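Subject: Structure handover

Dear colleague,

My notes on it follow.

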Amino acid sequence: MPKVLISGAGGQLASTLATRLVQLPTFEVYPYNRQAWDVTDQQTSTEIFDYVQPDVYFNGSAIHNEEWVLKDVGRAFDVNVVSQNHILDLCNKHKTKFVNISTNYIYGGDESDNKLNLPPSIPSPFTVYGVSKLSFELILKMRCNDWINFRVSGVFGQNGSCQKNGLNFPFQVLNHLLSNDPMYVNDTDITNISYTEDIVSSILLNNFFEKSAVKNCHRNLINEGVVTWYEVATYIARLFNKQNLIYPVKKDNRRNTSLSLSLQIPCWKDAISRFIINDVTKIGKYKKLFGYNSQINQTKWYEFEREDE
Ligand SMILES: NC(=O)c1ccc[n+]([C@@H]2O[C@H](COP(=O)([O-])OP(=O)(O)OC[C@H]3O[C@@H](n4cnc5c(N)ncnc54)[C@H](OP(=O)(O)O)[C@@H]3O)[C@@H](O)[C@H]2O)c1
């Protein structure tokens, strides 16, 4: 039974992973949140590896909020790069597969890519956060014996992101809809979104945690389809008949951080629909939104999606 060690397990993505894995009889799961394991504490990292002897290490820890990064660049590089470099040594020592989570923000800084609708091919970060993530991708490739690097984009899941006040983009939209507050949204830059449930399903379906799995490569875990944030916001608002609250913001220069689809993962509209049905309907404060006039009705839902095509 593979032992999976998870850092940053209180986070949006890692918490979905941990919840799913503990329900499966095929994995032994060791989820540690930051309080239990601060990855910058190298002594603790060494002790945890000695104790768990993991087959797989899943890196769910990161500082990804650019404002936080800029407030303490040293700390951000410590979490995103230096501590992971030490963990990488532990993975090599214990023959552990290093499963890393990276970002679409390793792209987007190259002006020549901005005019194209195609996913950029040359990494060129435009944030210090992106630089830290790209740095560790390069170190992983250079120094680790057994690794896989997943790039995700616009992550959303039931728990929201710790570094966005427990929110993610769909929650931000829903909050505007709840308070009938207009929302002005970027309709120029292009990106993708990644539903945590679909990221985890894809990892499990493709057996990426197995010893025999494909290794030492990058995979993009995104829901199918390239989007602007305005398109995502409008799609959500339409489900509640509140599209009049969403306004597009146009910019002169397009930033393109879209990723190419590496694996078959449901399209972004389908992901948003399931997120709202499976996750949002359970959250008390959003119950008000699911009134008689909304499109949110399990039986009608897929009719609505078809009409939308
Ligand atoms: N969110 C997005 O839209 C997005 C987009 C592209 C890529 N990504 C990548 O996806 C991954 C997961 O993001 P997410 O949305 O799940 O973020 P998240 O909810 O903010 O989770 C990050 C986790 O890292 C933990 N952490 C921070 N410093 C730590 C430390 N020193 N030791 C141990 N844990 C530490 C945080 O703990 P505390 O909350 O207790 O500080 C938090 O639980 C990250 O690698 C991120 O770069 C995210």
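Ala233 touches Val173, Met183, Val185 and Ile246, leaving aside residues up to four places away in sequence; contact means C-beta atoms, placed from the backbone, within 7 Å. This is a predicted model: local features need pLDDT of at least 70, side-chain atom pairs count only at pLDDT 80 or more, and totals for chains, interfaces and linings use all residues. Numbering starts from 1 along each chain as its sequence is written.

Helix H9 (residues 229-239) has 10 of its 11 residues buried, Ala233 and Ile236 among them. Buried means 20 or more other C-beta atoms within 10 Å of the residue's own, C-beta atoms being placed from the backbone. Helices are DSSP runs of H or I with at least four residues, strands runs of E with at least two, numbered from the N terminus. The cover over the buried residues of H9 includes helix H7 (169-178), strand E7 (183-186), strand E10 (246-249) and helix H10 (268-279). After H9 comes Asn241, with a positive phi near 55°.

Of the 27 residues around the ligand, Gly8, Gly11, Ser61, Ala62 and Cys162 come nearest; near means a C-beta atom, placed from the backbone, within 6 Å. H1 supplies the largest share of this shell, 3 residues.

Regards

Technical notes:
Buried ≥ 20, exposed ≤ 12 C-beta atoms within 10 Å, placed from the backbone. Contact = placed C-beta atoms within 7 Å.
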